[in-house]
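This report sets out selected features of the structure shown below.

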Amino acid sequence: MLYKETGQYKSTYKSDHAIFPLIQDKIAFSTLMFIAFLIIPFVINSYWEKAILVPFLIFSLAAIGLNILTGYCGQVSLGTGGFMAVGAFSTYKIMTYFPDLNIMIIVLISGLITAAVGIFFGLPSLRIKGFYLAVATLASQFFLVWLFNKVPWFYNYSATGQITVSERFLFGIPVTGANAPSYATYLFCLVLVVILGFAAKNLIRSKMGRSWMAIRDMDIAAEIIGVPPLKTKLSAFAISSFYIGVAGALYFAVFLGAIEVTESFDIMTISFPVLFMIIIGGLGSMLGSFLGAAFIVTLPIGLKFIMVDLVGLSAVTAKHFEITIWGLLMIIFLIVEPHGLARLWSIAKEKLRRWPFPY
Amino acid sequence: MSLKDLKDIPYGKTAIELKNIFLAFGGVKALTDVSFEVKKGEVFAIIGPNGAGKSSMLNVINGFYKPTSGTINFAGTDRGEMEPEFAAKSGIARTFQNIALFKGMSTLDNLMTGRLLKQKQNFLMQALYFGPAEKEEEEHREKVERVIDFLDLQSIRRTPVGSLPYGLQKRVELGRALAMEPEILLLDEPMAGMNVEEKQDMSRFVLTVNNELKTTIVLIEHDMGVVMDISDRIVVLDYGKKIGSGLPNEIRSNKAVIDAYLGVADDD
């Protein structure tokens with residue numbers, strides 16, 4: 001009853017192929033956008049910005065990137081951390097050499113550089129698949145992190161090996177650096193996520209997305225209907241890396257401000273969590289990327305709240321428990337709903353359609 | 001090489017000519033000195049016992065296997081070594097013996113993949129999904145909807161094909177090949193594992209495609225009744241060699257063919 005499509009006729013292919021074909025979806029999405037753009041910026045405080053909203057937006061972007069590669073094109077990658085580091089260090093170097101360049105352009109160029117690196121590390125995908133490709137991308141993770149650690153040029157020969165962001169303005173308001181107000185960093189990330197999110201959805205529902213899925217589902221048949229495997233796989237690597245690179249640039253410039261590569265872009269802090277995001281959210285689902293990112297970002301906060309504030313454990317004990325519970329939840333999740341949160345949502349929609357009548 | 005070549009040949013003239021095809025995988029000789037030609041607009045059947053090299057023959061025609069020696073001729077021009085993509089671009093579509101659909105995608109999306117080669121917009125336009133990109137998408141959707149109507153697939157448009165029953169999957173696969181608007185359609189056992197009604201439906205679709213769209217059809221099939229009924233000409237393979245060719249009636253009475261199918265007495 002609540003989620004009823006009866007009476008909503010589609011008379012054009014355009015309306016049938018829309019991103020939100022049902023009026024309910026349109027209303028829900030508009031409300032969400034209204035809250036995100038016109039309410040949250042006025043009520044946001046530093047805690048919400050640093051702990052939840054900005055990391056959620058940045059990891060959504062990374063999850064979309066990995067979902068394009070793994071969920072839609074079927075190429076497993078464990079190199080997310082390495083690619084995010086490429087985005088971060090590109091931003092740093094461009095900021096050093098072009099002090100006057102607009103931050104928006106810097107972030108997008110960093111994405112393009114990461115895309116080029118992604119294409120290079122995607123080359124083995126023509127020959128190897130599955131677990132073997134995962135291991136090959138793992139090499140990119142370790143190699144890139146090692147590279148940014150070993151070559152002093154990347155961190156401008158600073159003694160600590162850290163890179164620190166300098167202040168950049170957009171419309172006269174600082175969006176990077178220590179003085180950036182919460183609403184500015186939040187809106188900057190939000191705008192990028194919305195634009196790039198729509199771009200990704202459009203790619204997926206047109207020719208490129210169908211080529212990716214064809215390669216994922218049956219590469220031989222794809223080749224015979226005229227999908228070139230090398231070009232298609234590399235395009236997935238390039239576009240996926242672009243998203244991950246932009247996420248890396250934001251992670252460094254807007255979120256953390258100062259990073260040390262081995263700590264910030266480790267496989268345990270980035271690559272695995274982002275992979276879990278798309279598995280828990282739903283492989284091959286845009287909504288899943290967002291749900292997964294929200295789940296992984298808020299889970300530690302929720303667990304800490306329960307264990308420290310409600311149960312009264314010490315912060316250190318809670319931290320240890322957190323990892324255990326995290327792993328446990330992951331296993332339970334994979335057994336109960338292997339298709340992720342996006343699938344739960346579509347089951348819920350089906351239920352809402354019929355509610356309150358069971359049949 | 002342009003798409004026109006196969007299109008431009010008049011009906012009844014040779015569309016594909018295979019000359020002295022040899023194909024070997026290491027020591028295994030899959031095809032030995034096979035030659036035949038397919039005329040434009042006909043239903044051409046390749047038959048033979050299991051392991052005779054029929055599927056290998058189709059794989060050679062659409063460029064998936066490279067013959068060890070021999071020449072393939074499309075529309076009077078020698079094709080040499082070619083990639084499957086090239087065959088697809090020249091207007092050759094095929095279905096597979098073991099269904100090769102994209103299982104995670106809906107029926108509609110599977111059929112839309114048949115249009116991929118004809119979609120020309122670059123990825124930036126697709127990302128913006130605006131103007132020409134959107135229009136192109138709708139044009140191809142319209143073509144695909146015609147195929148959906150023809151094959152009665154309306155009710156399963158949004159169903160992921162992995163969850164469809166076998167007979168319907170075969171039909172969707174035919175649909176994907178038809179969405180490519182091919183000049184030549186290669187069908188690898190389109191009726192394998194079907195019951196009589198499904199076979200009748202499938203035969204009807206194949207004949208309609210041949211009659212109405214004038215598509216040339218190359219068919220592998222084990223059901224002799226179907227083969228004799230719907231094909232114009234037949235070639236018979238056994239152990240990778242051609243043992244007979246001709247009209248259905250000639251094949252029916254061909255001694256070598258009967259021996260291959262029924263066996264030969266030793267004390268002959």
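## Strand pairing in chain B

Strand β4 (residues 69-74) of chain B and β5(B) run antiparallel and are joined by 2 bridges. Across this pair, Phe74(B) stands opposite Thr77(B) in β5(B). Two strands are taken as paired if DSSP finds at least two bridges between them. Helices (H or I, at least four residues) and strands (E, at least two) are DSSP runs, numbered from the N terminus.

Both strands belong to an open sheet of 4 strands in chain B, with the order β2-β1-β4-β5 and antiparallel pairing. The edges are held by β2 (28-39) and β5 (77-78) of chain B, each with a single partner strand, so one side of each has no neighbour in the sheet.

## Basis of the model

The model is predicted: local features need pLDDT of at least 70 and side-chain atom pairs count only at pLDDT 80 or more, whereas totals for chains, interfaces and linings use all residues. Residues are numbered from 1 along each chain as its sequence is written, while chains are lettered from A and ligands numbered from 1 in the order in which they are written.

## Domains of chain B

Chain B is divided into domain 1 (1-91 + 182-268) and domain 2 (101-181), with bounds that come from an automatic or database domain assignment. The centres of the two domains, taken over C-alpha atoms, are separated by 27 Å. Their contact takes 10 residues from domain 1 of chain B and 10 residues from domain 2 of chain B; two residues are in contact if their C-beta atoms, placed from the backbone, lie within 7 Å.

On the side of domain 1 of chain B that touches domain 2, α3 (84-89) and α8 (196-212) of chain B are the elements that give two or more residues. The most come from α8(B), with 3 residues. This side of domain 1 divides into 7 nonpolar, 1 polar and 2 charged residues. In this classification, Ala, Val, Leu, Ile, Met, Phe, Trp, Tyr, Cys and Pro count as nonpolar, Asp, Glu, Lys and Arg as charged, and the others, Gly among them, as polar.

## Contact between chains A and B

The contact takes 25 residues from chain A and 33 residues from chain B. At least two residues of the chain A side are supplied by each of α1 (13-16), α7 (182-204), α8 (207-217) and α9 (219-224) of chain A. Here α8(A) gives the most, with 8 residues. By class, the chain A side has 13 nonpolar, 6 polar and 6 charged residues.

## Helix packing in chain A

The axes of helix α12 (residues 267-281) and helix α15 (residues 340-354) of chain A come within 3 Å and cross at roughly 20 degrees. Axes are lines fitted to C-alpha atoms, for helices over the stretch in contact, and angles run from 0 to 180 degrees between N-to-C directions. α12(A) and α15(A) are therefore roughly parallel to each other, a term for angles under 35 degrees.

Ile279(A), Ile280(A) and Gly281(A) in α12(A) meet Gly340(A), Leu341(A) and Ala342(A) in α15(A). The residues of this contact divide into 4 nonpolar, 2 polar and no charged.

## Positive phi values in chain B

Glu189(B), in the loop between β7 (184-188) and α8 of chain B, has a positive phi near 50 degrees although the residue is not glycine. Glu189(B) counts as partly exposed because it has 19 C-beta neighbours inside 10 Å.

Lys214(B), in the loop between α8 and β8 (216-220) of chain B, has a positive phi near 60 degrees and is likewise a residue other than glycine. Lys214(B) has 11 C-beta neighbours inside 10 Å and therefore counts as exposed. A residue is buried if 20 or more other C-beta atoms lie within 10 Å of its own, exposed if 12 or fewer, and partly exposed in between, with C-beta atoms placed from the backbone.

Note on methods. Angles under 35 degrees count as roughly parallel, over 145 as roughly antiparallel, 65 to 115 as roughly perpendicular and the rest as oblique.
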